[in-house]
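Student: Hi! Could you walk me through this one with me?
Tutor: Happy to, let's have a look together.

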Amino acid sequence: MARTRTPVVSGWFTGDGDDLRLLGTRCSACRSVFFPREEIHCRNPGCPGGDLVEVPRSREGRIWSYTDSRYRPPSPYVSDRELSWEPYALIAVELPAERLVVLGQAVPGITVDDLAVGMPVEAVPGVLHEDAETVWTTWKWRPKGVTA
């Protein structure tokens, strides 16, 4: 039986492969942009209030900061205590068009030794966890030109 592919957080991204897009919102009054998406009201304290419109975010940006994650993540993330822990690189990426910084894991095989501030990266589909019924999908950051 095929497993269901399910986003780990509904509404934060859409698509797969080259169609992957992070989803955010933009306020129609002040033009502020948000990621993750805002559902209720504009978070800009100087905004008179406007409708929030869903807009895709850029797929490409530059590394703003990064670190090694050497601990098991807390809930809601899943970590099988029976398996050995694999550290991963965590990357903060600046999306220049939106002037936002978005956090995410690096693709498997990329470590902090492979990264540098200012390096161009792109959002690609990734898997956060798999179980017998479901493949929990997310985005991951991949350095441009790397085919991992």
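Tutor: Let's start with K144, which is partly exposed in this predicted model, with a relative accessible area of 38%.

Student: Okay, and which side chain does K144 meet in a salt bridge?
Tutor: That's E60, at 2.8 Å from N to O. E60 lies in strand 6 and K144 in the segment after strand 10, so the pair ties together parts that are 84 residues apart in sequence. E60 is also partly exposed, at 41% relative accessibility.

Student: How many salt bridges does the structure hold?
Tutor: Seven. Another one joins E98 to R57, with the closest N and O atoms 3.5 Å apart. Each of these two sits in a loop, E98 between strands 7 and 8 and R57 between strands 5 and 6, so parts 41 residues apart in sequence are tied together.

Student: Is that pair buried or exposed?
Tutor: Buried: E98 has a relative accessible area of 12%, and R57 is at 5%.

Student: What is E54 linked with?
Tutor: E54 is in a salt-bridge network with R37 and E39. Between R37 and E39, the closest N and O atoms are 2.5 Å apart, and E39 is exposed at 57%.

Student: Switching to cysteines, how many disulfides are there?
Tutor: Zero in the whole structure.

Student: Why don't C27 and C47 bond?
Tutor: Their sulfurs are 3.5 Å apart, which is too far for a bond, because a disulfide needs them within 2.5 Å. Likewise, the sulfur of C42 has its closest cysteine sulfur in C30, at 3.6 Å, also too far.

How values were computed
Residues are numbered from 1 along each chain as its sequence is written. This is a predicted model: local features need pLDDT of at least 70, side-chain atom pairs count only at pLDDT 80 or more; totals for chains, interfaces and linings use all residues. Side-chain values use heavy atoms; hydrogens and water are left out. A salt bridge is a side-chain nitrogen of Lys or Arg within 4 Å of a carboxyl oxygen of Asp or Glu. Buried means under 20% relative accessible area, exposed over 50%, partly exposed in between (1.4 Å probe, protein chains only). Helices (H or I, at least four residues) and strands (E, at least two) are DSSP runs, numbered from the N terminus.
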